[in-house]
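Here is a short report for a first look at this protein. Take a moment with the sequence and the model before reading on.

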Amino acid sequence: MQKELAEKLKKIPMLNKAASTSTENFKVVSDKDGLKSPPSGLGAQAVSTGPLTSVSATPVQAMPGLPVGVTPSEKASAAGGIGILPGLTTPNIEAVKRAQELAAKMGFRQDPEFAPLINMFPGSSSTDVAAPQRPAKAPVLRLDAQGREIDEYGNVINMPKLTNLSTLKVNINKQKKEAFQIIKPDLDASAQSNPYFDEGMGINKTKLLRPKRMTFQFVEEGKWSKEAEMIKFKSQFGEAQAKELKMKQSQLAKAKADPDSNPNLIAVGVRLTKEKKKEEIPEIEWWDKPILPSGSYDDVANVKLNMDRITIYIEHPLPIEPPAEPAPPPPQPLKLTKKEQKKLRTQRRLAKERDRQEMIRQGLIEPPKPKIKMSNLMKVLGSEATQDPTKLEMEIRSAAAEREQAHVDRNIARKLTPAERREKKERRLFDDPNTLETLVSVYKIKDLSHPQTRFKVDVNAQENRLTGCAVISDGVSVVVVEGGRKPVKRYGKLMLKRINWAAAVTNEDEAEDSDAPANSCVLVWQGSVAKPSFNRFLVHQCRSEAAARKVFADAGVPHYWDLAINYSEELL
């Protein structure tokens, strides 16, 4: 096989010479008669009237005189597409160009001794497929003072902008996503413009126009705890104060984020109260007008004053509170149930015992002595208990007496002093004196003439540290008490439950008379006031209703008497 291959390779130059002679004959015939009927040869198989893209793919039988594995079409393309083209009446120049490009892609080189096949056809120009010529000399890069590229004549060369040729899959997908814009349907416009739009189809706009869901939505640390605190604050103090607190927190967060900002320059929110207009400063104060005769402060320098208008009395003007918002209420302590309180107490005691044992282990405090009793004598001491039982019994009894005395001493140390006991009792019976709330109760009694009930009404009011008065007149009596919530509640139980008003009458005949209305006590009104109107509790005996009303008018509360007189149980 190697010998046959060598012989065939030797015949290749002879074939090239035969091809050259055939081309010369073809040129002579074409110059004389035109391209009428080209003789059959190698080019007939390389070029056809149909599409030439499938020439290389169709199997062709090998011809004698060619190397093994080389088809006639490949030989024709290797020779530059030159040969006799039999049967080609109407040449397809574009097809020939495509055939040459395909041959070049497949690796067949052009023989420089022969011209391209495209020049064989009449009317075709050789400039279309001319090989690019190499530049005579290397290009020179020229730049001006501003760094722009210029040509040899000094003209600025406008270079086109380089397109973003991304090779990574991520960048390519990003460019496609930016180029491809999703247009959402306008359902409102389509419903008005489209006559075939059916509202009964049940199109849900929210589902159709819903954005793409994110995979993860991480929550910032402390977000839910802040919302829980805000809900708790809103339920306790109202929505207005909650909004105000939220505004202040956002301002403080901005101040912390910006370290250069001054926290004193944070903008305060809009106040709900209307600001009062500032009064103009007068040229002379009203309290100085009677003293200055001419009505100006020049009289002070000239010592011209009305000394007769100066008295020994001093006028103290009322202090004006500064315009400031009230401070927010302090946070309320968390109320625990009985079970939670017991659990916390147990945890505290366990922690305290653990600390004591740790200090004993480190030698900081002395360990407690063993608690020896007559019952566990043999268990604790063992054989030592039989050596001197009398002495041991005395030690045990003295230790027990010592422990008992220590217990009594601890109780005495924990015992409250008389002053502390009195303060504890007052704290249990009465409200905090610093509270500003004052409750008022108005009672209407038909008959308060009995001395025993009159004594109970008076003494209980004084013992409960209540202020007010009991006004007794013909036909009706009114009792008014002022004080804290606990004393007023206790006094109300006395007036409405404990005292038997039906039996508390002085005249026995009236008590035996069944036709007369029974004596009773009713609560007319109960509410809170800014400050008490009475200094102490007094009992007034009045002959007429006018004198009784004057007692309340002197205290500034005549409406208490009017409420009691106009009150009727039938309206209830």
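At what angle do helix H19 and helix H20 pack, and how far apart are their axes?

## Helices H19 and H20

The model is predicted. In it, H19 covers residues 545-554 and H20 covers residues 558-566. The two helices pack at an angle of about 135°. Their axes lie 6 Å apart. Angles over 145 degrees would count as roughly antiparallel. H19 and H20 are therefore oblique to each other.

From H19, the contact takes in Glu 545, Ala 548, Arg 549, Phe 552 and Ala 553. They meet Pro 558, Tyr 560, Trp 561 and Asp 562 in H20. By class, the contact has six nonpolar residues, three charged residues and no polar ones.

## The whole chain

Now to the overall picture. The protein chain has 20 helices and seven strands. Of its 572 residues, 19% are buried. The chain exposes about 47,200 Å², and carbon and sulfur atoms supply 56% of that area.

Contacts also reach along the sequence. Take those between residues at least 6 apart: 64% of them join residues at least 24 apart.

## Helices H16 and H17

H16 spans residues 451-463, and H17 spans residues 485-498. They pack at an angle of about 160°, with their axes 10 Å apart. This pair is therefore roughly antiparallel, H16 to H17. Their crossing is right-handed.

Which residues meet here? H16 brings Lys 456, Val 457, Asn 460 and Ala 461. H17 brings Tyr 491, Leu 494, Met 495 and Arg 498. The residues of this contact divide into five nonpolar, one polar and two charged.

## A residue in strand S4

Thr 467 sits in strand S4, which runs over residues 467-472. Is Thr 467 buried or exposed? Its relative accessibility is 16%, so Thr 467 counts as buried.

Leaving aside residues up to four places away in sequence, Thr 467 touches Val 480, Val 481 and Glu 482 among others. Its contacts also include Pro 532, Phe 534, Asn 535, Arg 536 and Phe 537.

## A residue in a loop

Ala 503 lies in the loop between H17 and helix H18 (508-512). Its relative accessibility is 53%, so Ala 503 counts as exposed.

How far is Ala 503 from His 450? The two are 53 residues apart along the chain. Their C-alpha atoms are separated by 9.6 Å.

How values were computed
Residues are numbered from 1 along each chain as its sequence is written. This is a predicted model: local features need pLDDT of at least 70, side-chain atom pairs count only at pLDDT 80 or more; totals for chains, interfaces and linings use all residues. Side-chain values use heavy atoms; hydrogens and water are left out. Helices (H or I, at least four residues) and strands (E, at least two) are DSSP runs, numbered from the N terminus. Buried means under 20% relative accessible area, exposed over 50%, partly exposed in between (1.4 Å probe, protein chains only). Contact means heavy atoms within 4.5 Å. Accessible areas come from the Shrake-Rupley method with a 1.4 Å probe; for residues, only the protein chains shown count as cover. Axes are lines fitted to C-alpha atoms, for helices over the stretch in contact, and angles run from 0 to 180 degrees between N-to-C directions. Angles under 35 degrees count as roughly parallel, over 145 as roughly antiparallel, 65 to 115 as roughly perpendicular and the rest as oblique. A crossing is left-handed if the near helix is turned anticlockwise from the far one by less than a right angle, and right-handed if clockwise. Ala, Val, Leu, Ile, Met, Phe, Trp, Tyr, Cys and Pro count as nonpolar, Asp, Glu, Lys and Arg as charged, and the others, Gly among them, as polar.
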